[in-house]
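Please examine the sequence and the structure shown here before reading on.

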Amino acid sequence: MKNFQHIGFIGLGVMGEPMCRNLARKAGASVIAFDLDKAPLDRLAAEGVRSASTAEIMAQCDVVFLSLPSGEVVAQLCRQDGGLLSQARPGQIVIDLSTSPVDTTRALEKEFAARQAHFLDAPVARTRAAAEAGTLAVMVGASPRLFEAVRPLIATFATDIALCGPVGCGQVLKILNNMVLFETVVAISEAKAIGERSGVDPQVLFDTLSKGSADSFALRNHGMKAVLPGDFPERAFSVRYARKDLHYALKLAEATQVDARGARVVEQWFDQAIEAGLGEQYHPVISRVMAGNGKA
């Protein structure tokens, strides 16, 4: 970690801001950041994070982290006139913490390599609270050598860091992780709706399921903390963001010729929730749509 004197961070949203804060506190290097919103930059200034343009970040930083809303935004920022690709320097490392399509990630890796720079994927999992606590899970696609070089930086905001294979494999793992989660949330929501209409208290239902083979992280977190109390805040992992990640999974399924019909059922529920005006709420809100026969 001491080899990196200057670290850049682009994208200070719900997850990016706390990750950048942990980097500034623990990395032992200067951190320079950019976001279109001035508010997180003002808050991070108290941690010694300096505001700069993306061009200044690319010119000054050895490692640059990206935490952006989608792979499409990542690709645009990299490929636009005057974008990150045009400014990349030999040996520079760009790490995408966003969830992006696998083909986009692998294409960008080749484009950065043509400039003798490195592009790695390191999408993050878990919640904003985990980002604040520095306990995220990160799935990395990189060579073993580059993984070991950047691992100490990632460890400032993550406790579970896995090398999943070459570039793109981190995205595969993250996309499939989310696909499995979304399908499990559908199953939990179906169980709640059926159980309630059959006369079972939902609290008893979920408590009992958690003691049997239906137990899961999704049940204990998304089920008990969101579906059961009906708590679906905005500025969490919304239906719209979840649908974006699900589309990446379906695109990957199509590319690998897998019939992912379970994921397509989730897509239908996400579409229905958005049509009901719930697109900005936490994605387990599909349980509300399900319980109301398709109505918000």
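In which hand of crossing does H9 pass H10? H9 passes H10 in a right-handed crossing; a crossing is called right-handed if the near helix is turned clockwise from the far one by less than a right angle, and left-handed if anticlockwise.

## Basis of the report

The model is predicted: local features need pLDDT of at least 70 and side-chain atom pairs count only at pLDDT 80 or more, while totals for chains, interfaces and linings use all residues. Residues are numbered from 1 along each chain as its sequence is written, and side-chain values use heavy atoms, with hydrogens and water left out.

## Helix H9 and its partners

Helices (H or I, at least four residues) and strands (E, at least two) are DSSP runs numbered from the N terminus. The axes of H9 and helix H10 (residues 202-209) come within 9 Å and cross at roughly 135°; axes are lines fitted to C-alpha atoms, for helices over the stretch in contact, and angles run from 0 to 180 degrees between N-to-C directions. H9 and H10 are therefore oblique to each other (under 35 degrees is roughly parallel, over 145 roughly antiparallel, 65 to 115 roughly perpendicular, and the rest oblique). Ile188, Ala191, Lys192 and Glu196 of H9 meet Pro202, Leu205 and Phe206 of H10, contact meaning heavy atoms within 4.5 Å. The residues of this contact divide into five nonpolar, no polar and two charged. Here Ala, Val, Leu, Ile, Met, Phe, Trp, Tyr, Cys and Pro count as nonpolar, Asp, Glu, Lys and Arg as charged, and the others, Gly among them, as polar.

H9 also packs with helix H13 (residues 261-275), at an angle of about 65° and with the axes 9 Å apart. That angle makes H9 roughly perpendicular to H13. H9 passes H13 in a left-handed crossing. On the H9 side the contact is made by Met179, Phe182, Glu183 and Val186, and on the H13 side by Gly262, Ala263, Val266, Trp269 and Phe270. Seven of the residues in the contact of H9 with H13 are nonpolar, one is polar and one is charged.

## Aromatic pairs

Rings of Phe, Tyr and Trp (its six-membered ring) pair if their centres lie within 6.5 Å; planes under 30 degrees apart count as stacked, over 60 as edge-to-face and the rest as tilted. By this rule there are five aromatic pairs. The rings of Phe9 and Phe65 have centres 5.9 Å apart and planes at 25°, so this pair is stacked. Phe9 lies in strand E1 (residues 6-10) and Phe65 in strand E4 (residues 63-66), so the pair ties together parts 56 residues apart in sequence. Both Phe9 and Phe65 are buried, that is, under 20% relative accessible area, with exposed over 50% and partly exposed in between (1.4 Å probe, protein chains only). Ring pairs also link Phe9, Phe65 and Phe157 into a cluster.

Phe182 and Phe237 form a tilted pair, 6.0 Å centre to centre with 45° between the planes. Phe182 is in helix H9 (residues 169-197) and Phe237 in the loop between helix H11 (217-227) and helix H12 (239-255), 55 residues apart. Phe182 is buried at 1% relative accessibility, whereas Phe237 is partly exposed at 26%.

Helix H1 (residues 16-26) is mostly covered, with nine of its eleven residues buried. Among them are Met19, Cys20 and Leu23. Gly28, which follows H1, has a positive phi near 70°.

Thr54 is found in helix H3 (residues 54-60) and counts as buried at 18% relative accessibility. Neighbours within four places in sequence aside, Thr54 is in contact with Ile10, Phe34, Leu77, Leu84 and Gln87.
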